[in-house]
Structures are given as C-alpha cells and as structure tokens.
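Here's a quick briefing for anyone meeting this structure for the first time. Have a look around the model, then read on for the details.

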Amino acid sequence: MTAVLLAASYGLTLQLRHRTDRPEASQASQVSQVPHVSHASLGAGIRVRSGPLHFERIGNPARTIARDRRGTVVATFTDGARTAVLTGPGRTFAEPRTTDAKVVTKSWVRLLPKAWTRGAERSGWLRTWLNSRLGSRDPDILATAFDYVAGAPARTTAAGVKYSGAARYTPDTVSASGRAGQGKSKPRTGSDFYDYLGIPWTFPDTVTRRPEKDRARSVDSSGYVRLVYGYRSGFPLNSRDNAAGSGLQRTPDAIAHGRLGVPVIPLTDRRPAVIQQLQPGDLVFFRTRELPGKRIGHIGIYLGLDTADHPRFISSRKSAGGPTMGDKGGTSRLDGDGYYAQVLRGARRL
C-alpha cells in the first residue's frame with residue numbers, strides 16, 4: 001500500500017526512533033539510461049528474497065546497479081558517493097497547501113557506511129548493510145526532509161530536544177553589533193541546524209557553535225540540508241566553510257565547490273542543458289539574485305519526477321517561509337521557465 005505523506009494535514013505514518021541526545025541516524029531513483037554495460041557479476045553471494053543479486057557497471061556518472069533475478073533494479077551505488085538509492089515500498093510526497101504536484105516514488109535514499117568504490121559488491125560489509133536496508137520502512141533522506149515542512153508534527157528526544165517539526169526560514173533580523181554600531185544594520189548569516197534544535201554543537205575541529213534564541217526552529221537552505229543529511233542521517237559536518245575538513249560545509253557556495261561526493265551536473269555560469277542524470281537525494285545548486293558574481297546562494301534536495309513528469313526539489317527558502325516542495329515564492333521545478341529552473345547551476349551526489 002502506498003504510504004501518503006501529506007505536508008498540510010501531515011498524516012506522516014513513518015515512525016522514528018531516537019537516542020537520548022539525538023535521533024538515531026536512519027539510512028532509490030530510476031537509473032539513467034546509458035548505451036552500454038561495462039561488466040556484470042554476481043558479487044559475493046548477496047541475495048534478496050527472490051534470489052541472488054546481479055551487479056552491473058554503467059556510466060554518467062560511473063556507478064554500479066544491482067538487479068534481482070527478474071531484472072528489476074533494486075539498488076544504485078555511485079562511485080565516490082555515500083548516498084545509495086534503493087527500490088522499496090511505494091509512497092507519495094505531497095504538499096497540498098502550496099502545490100498540486102505529487103511525487104510518487106519507490107526510491108529510498110540512504111547513506112552507505114562509506115563512499116562506494118568499484119567492486120565493493122564483493123565486500124562483506126555491503127551484504128550486511130543491504131540485508132538491513134532493502135525493504136525497510138525506516139525513514140530515509142526524503143522522508144526526513146519532509147519532517148520540517150509546514151504542518152509536520154514535532155518530535156522530541158529523550159533528552160528533551162525537539163528534533164523535528166515544521167521549520168521556518170531565518171528570521172529577518174540584524175546582529176547585536178549592527179544595532180549598536182552607529183545606526184547601521186549588519187545582516188547576520190542564516191540559521192544552521194543547531195539554531196533549529198536550540199542546543200550548542202561541538203564539531204570535530206573542537207569549534208562549538210551556540211544557537212540564538214530568536215532563531216529557534218529555523219534553518220536557511222544549507223542549514224536545512226545539514227539538518228537532514230548531517231544531524232539526522234549522520235553525514236559528517238564542518239563548523240565552517242573549510243575545504244580541508246572532511247564534513248559538509250556551512251554555505252551553499254562552499255558545498256557546491258567542495259570535494260565531498262560526486263558532481264553529477266558540473267557547476268557552470270549557465271543553466272544546464274541536460275539534467276536527466278539526477279537521482280533522488282542529489283543536492284541541487286542555484287545562483288540567486290541576492291549574491292554577487294557567480295556565487296551559489298541556494299541549495300535544495302532533488303526529489304525526483306512528479307506525476308506530471310516535472311523534476312521537483314525541496315528546500316528551505318525565504319520566499320516560502322521555510323522548507324517546501326511547493327510553488328509559493330517560486331515553482332519548485334527544475335524545468336520550465338520558473339525562477340529556480342532558470343538559476344539552476346549544478347548538482348552533487350554526496
């Protein structure tokens with residue numbers, strides 16, 4: 001039965017487990033058509049209920065797909081990326097308050113324990129991982145992303161931290177130094193995941209960031225991605241835009257130009273001509289009018305094709321007041337003549 005995830009009434013039925021201080025990290029898209037298969041193998045005796053899996057290599061970008069004995073693609077693993085797309089129970093993502101669009105999908109986006117490398121299907125760790133993930137209804141990246149749209153119910157860890165529920169965009173305020181300095185207003189940077197949570201956070205480089213009270217339950221576009229991929233799903237995070245770090249950076253521009261994952265649509269100063277290589281869970285980057293030059297000012301998460309065959313994404317944006325896949329303040333499509341389609345500049349698979 002298709003699970004319907006409605007953002008307005010928010011009858012989200014997926015259950016979430018959590019630890020005492022944070023929720024438990026929970027961990028697919030149609031495979032792009034390619035002209036040839038480079039090799040095929042059975043791989044380390046990995047089996048599903050219907051029998052052994054058959055692994056194939058395809059390109060654009062380089063990746064390995066797993067098929068069951070009926071030929072159905074059950075998993076897609078991209079070289080250099082931790083995000084894997086698994087085929088699972090059908091479900092529908094919708095946000096009727098802001099759009100008539102619906103994304104009906106059997107794709108479940110989950111994080112591998114390590115970045116995929118060619119031949120990893122012969123590794124013992126993959127057998128264990130796949131056995132625990134294929135067919136699982138535990139929240140994935142996409143379901144977690146919808147934990148923050150309007151109407152989403154609040155959930156709290158055993159330690160009292162509200163880790164999910166409707167988020168707003170960064171409040172339109174100025175810094176204390178700006179208020180105190182000669183009447184000039186100095187805009188602050190946007191809200192990060194720890195602002196939403198309302199708790200201090202110490203990063204691997206020992207830097208501790210502290211939330212600001214007026215930013216509780218708010219995230220900007222990159223803060224939203226860090227909340228979904230980092231805090232909730234366990235992807236490493238940097239405290240700042242540090243290219244030398246091993247985690248996800250703070251701003252859209254730094255993430256877009258970073259070394260993590262795989263660029264599936266290389267960054268340019270123009271709208272890409274082809275976007276068919278996108279798969280659910282990919283990060284999409286936009287050059288917004290607010291930032292000068294060619295800097296990337298906005299980031300979102302690709303959801304897949306909606307029922308009208310339009311590529312749709314979700315992001316936290318000022319014009320909509322928070323996370324949305326809807327069309328308030330700009331159509332959430334990557335095709336057509338809408339604002340976000342026009343300013344799309346690239347995509348990356350973590």
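Strands here (E, at least two residues) and helices (H or I, at least four) are DSSP runs, numbered from the N terminus. This is a predicted model, so bear in mind that local features need pLDDT of at least 70, side-chain atom pairs count only at pLDDT 80 or more, and totals for chains, interfaces and linings use all residues. Residues are numbered from 1 along each chain as its sequence is written, and side-chain values use heavy atoms, with hydrogens and water left out.

- S6 (residues 63–67) runs antiparallel to S7, and five bridges join the two; strands count as paired if DSSP finds at least two bridges between them.
- Ala 66 stands opposite Ala 75 in S7.
- S7 also pairs with S8 in the antiparallel sense, over three bridges, and Thr 76 has Val 85 in S8 as its bridge partner.
- S7 and S8 make a hairpin too, with four residues between the strands, and Gly 80 there takes a positive phi near 85°.
- Five of the six residues of S7 are buried, so this strand is largely enclosed by the rest of the structure. Buried means under 20% relative accessible area, exposed means over 50%, and partly exposed is in between (1.4 Å probe, protein chains only).

**Helix H1**

- H1 covers residues 124–133, and its buried residues are Leu 126, Trp 129 and Leu 130.
- Looking down the axis of H1, these buried residues fall within an arc of 95°, so they line one face of the helix. The arc is that of the directions from the helix axis to the C-beta atoms.
- Thr 128 and Asn 131, on the other side of H1, are exposed.
- The cover over the buried residues of H1 includes S5 (54–58), S7 (73–78), S8 and S9 (102–111); contact here means heavy atoms within 4.5 Å.
- After H1 comes Gly 135, with a positive phi near 85°.

**The nonpolar cores**

- The largest nonpolar core has 43 residues, and those with the most contacts inside it are Phe 193, Leu 197, Tyr 229, Tyr 231, Leu 283, Ile 314 and Met 325. Such a core is a set of buried Ala, Val, Leu, Ile, Met, Phe, Trp, Tyr and Cys residues joined through side-chain atoms within 4.5 Å.
- Among the elements that each supply at least two residues of this core are S8, S9, H2, H4 and H6 (252–257).
- H5 gives the most to this core, with six residues.
- A second, separate core of 15 residues includes Phe 55, Val 74, Leu 126 and Leu 130.
- Leaving aside residues up to four places away in sequence, Leu 197 touches Val 161, Lys 162, Tyr 163 and Tyr 231.

**Strand S15 and its partners**

- Leu 283 and Phe 285 point one way from S15, Val 284 and Phe 286 point the other way, and all are buried.
- S15 and S16 run antiparallel, joined by four bridges, and Leu 283 has Ile 301 in S16 as its bridge partner.
- Four bridges also join S15 to S19 (residues 344–349), again antiparallel, and the bridge partner of Phe 286 in S19 is Leu 344.

**Aromatic rings and charges**

- The whole structure holds 15 aromatic pairs. Rings of Phe, Tyr and Trp (its six-membered ring) pair if their centres lie within 6.5 Å; planes under 30 degrees apart count as stacked, over 60 as edge-to-face and the rest as tilted.
- Phe 93 and Phe 146 are a stacked pair, at 4.7 Å centre to centre with 25° between the planes.
- That pair links distant parts of the chain, 53 residues apart: Phe 93 is in S8 (residues 83–94), and Phe 146 is in the loop between H2 (141–145) and S10 (155–156).
- Phe 93 and Phe 146 are both buried.
- Phe 193 and Tyr 231 have ring centres 6.4 Å apart and planes at 25°, so they are stacked.
- Phe 193 lies in H4 (residues 193–197) and Tyr 231 in H5 (residues 221–232), so this pair ties together parts that are 38 residues apart in sequence.
- Phe 193, Tyr 194, Trp 201, Phe 203 and Tyr 231 form one aromatic cluster.
- The charged end of Arg 91 sits over the ring of Trp 108, 3.7 Å from its centre. For this, NZ of Lys or CZ of Arg must be within 6 Å of the ring centre and within 35 degrees of the ring normal.
- Arg 317 has its charged end over the ring of Tyr 340, 4.8 Å from the ring's centre.
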